[in-house]
Amino acid sequence: MAFLQLLVQLFISFILLQSKHCLSSKQPPIVLALRTQKHRTPISTPRLFSTTSKTTDKLLFHHNVTLTVSLTAGTPLQNITMVLDTGSELSWLHCKKEPNFNSIFNPLASKTYTKIPCSSPTCETRTRDLPLPVSCDPAKLCHFIISYADASSVEGNLAFETFRVGSLTGPATVFGCMDSGFSSNSEEDAKTTGLMGMNRGSLSFVNQMGFRKFSYCISDRDSSGVLLLGEASFSWLKPLNYTPLVEMSTPLPYFDRVAYSVQLEGIRVSDKVLSLPKSVFVPDHTGAGQTMVDSGTQFTFLLGPVYNALKTEFLLQTKGVLRVLNEPHYVFQGAMDLCYLIEPTRASLPNLPAVNLMFRGAEMSVSGQRLLYRVPGEVRGKDSVWCFTFGNSDSLGIESFVIGHHQQQNVWMEYDLEKSRIGFAEVRCDLAGQRLGLAV
């Protein structure tokens, strides 16, 4: 029986590889609607980072907005909604009905759902990049756990299933079928079926589906957006500026080699480049200090010396333009301590100096409303509280730069796995969605 299971696993792996080749070489791009899901209270996303104590911990990022995409899975098809996350590898779905879940995937109703034994090559070798090692459950099935910093966790078994995106039904895809445990993210659990892991790992959704390039575009005007799997070649899209992905051939204890890691080289506020040595942006000999582009994190977090220099310069250039919230103990989401008081009657924010993130070979300009975020429910008298959308990584206890999706609004973001690079160009993402035939 074990030999037969091994043959089945090898056959499925062969078909998957062949399908990946066919998809990447012949498949036209797939366009899906991307939605910004807002939450009344902050939810949490687990992240694996090197901490200030140089240990690798699963930390929580709190955020009020997630990016979601709707698709189908199984045979017959079941509707699912997944959080788009370029900071995770394994995709997973809730597979057990709970009182607060509006959407689950039912594996018992699918003819294409296939369990993965813990003795299979998939379980033994293809899971090596996952944050936590897999195990063997009492039924000898490949078992895994996702742990959160608040002591909650969700767990389940790895399995094969087919996913349908647009008009394409992909090959048998490894995913996690979550059937036990407890997650503190009850609001997010109620609105989504699971998570779509899109990093560079072999088990990521984009790699298993065979697409060597994907893009997304998030509007700042409404809850609309675009996810495009495949080649983006449109006359209305400006030429993209590319920055290479940082490749690390030697494994380092605190460097995530399957993350979308780029090299941040400096920051400019309006015309003033922050006076910082290049070395503060470079990962050290342990790998700590890398810069990751992450769609699963809402805001951008910078290492302490860089954040403090940016905060000082932004304060200087907005003096007399914005009123600072003088509450030393108020820190939004544990890492954002530069906040302002703004009258809610204002039709728009005042003119603010742009913050330019200077990557190797390319720059990303963050301006206007992408610089400030209105904190839900926070008021002082008649004024609303708005906070600077850059936070201090040190306050979270991590040693990484993280570029979140709020700064990526109205930017066409392309992830090119074939050429190991990320490209971006400013664009009205609501108009991009209309041009691609998505309803607003």
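Which residue of strand 7 does Cys 136 stand opposite? I looked this up first. Cys 136 stands opposite Cys 142. I note that I am working from a predicted model.

Strand 6 covers residues 135-136, and strand 7 covers residues 142-147. They pair in the antiparallel sense, over two bridges. I then checked the hairpin they form. Five residues lie between the two strands. Among them I picked out Lys 140, which takes a positive phi near 60°.

I moved on to strand 8, residues 153-161. Strand 7 and strand 8 run antiparallel and are joined by five bridges. In this pairing I found Ile 145 opposite Glu 155 of strand 8.

I followed strand 21 to its partner. Two bridges join strand 21 to strand 22, residues 339-342, and the two run antiparallel. Here Val 324 stands opposite Tyr 340 of strand 22.

**Entry: the annotated positions**

I checked the UniProt record. The unreviewed entry places the feature "active site" at Asp 85 and Asp 294. These positions are spread over 210 residues of sequence, yet they cluster in space, with a largest C-alpha distance of 6.9 Å.

I took Asp 85 first. Asp 85 is found in strand 3, residues 78-85. Is Asp 85 buried or exposed? Its relative accessible area is 1%, so Asp 85 counts as buried. The side chain of Asp 85 reaches the backbone nitrogen of Gly 87 at 2.9 Å.

Then I took Asp 294. I found Asp 294 in the loop between strand 19 (291-293) and strand 20 (300-302). Asp 294 is buried, with a relative accessible area of 3%. A polar atom of the Asp 294 side chain lies 2.8 Å from the backbone nitrogen of Gly 296.

**Entry: Ser 202**

Last, I looked up Ser 202. Ser 202 is in the loop between strand 12 (194-197) and helix 4 (205-209). Its relative accessibility is 26%, so Ser 202 counts as partly exposed.

Which residues does Ser 202 touch, leaving out those up to four places away in sequence? I listed Glu 89, Arg 126, Asp 129, Asn 207 and Gln 208. Ser 202 and Glu 89 are 113 residues apart in sequence, but 7.9 Å apart in space, C-alpha to C-alpha.

Notes:
Residues numbered from 1 in each chain as written. Predicted model: local features only at pLDDT ≥ 70, side-chain atom pairs only at ≥ 80, totals over all residues. Heavy atoms only, no water. Pairing = 2+ DSSP bridges. Helix = DSSP H or I, 4+ residues; strand = E, 2+ residues; numbered from the N terminus. Buried < 20%, exposed > 50% of the residue type's maximum accessible area, 1.4 Å probe, protein only. Contact = heavy atoms within 4.5 Å. UniProt positions renumbered as here; feature names shortened; annotations may be inferred. Polar contact = N/O pair within 3.5 Å; in protein donor to acceptor, adjacent residues only side chain to side chain.
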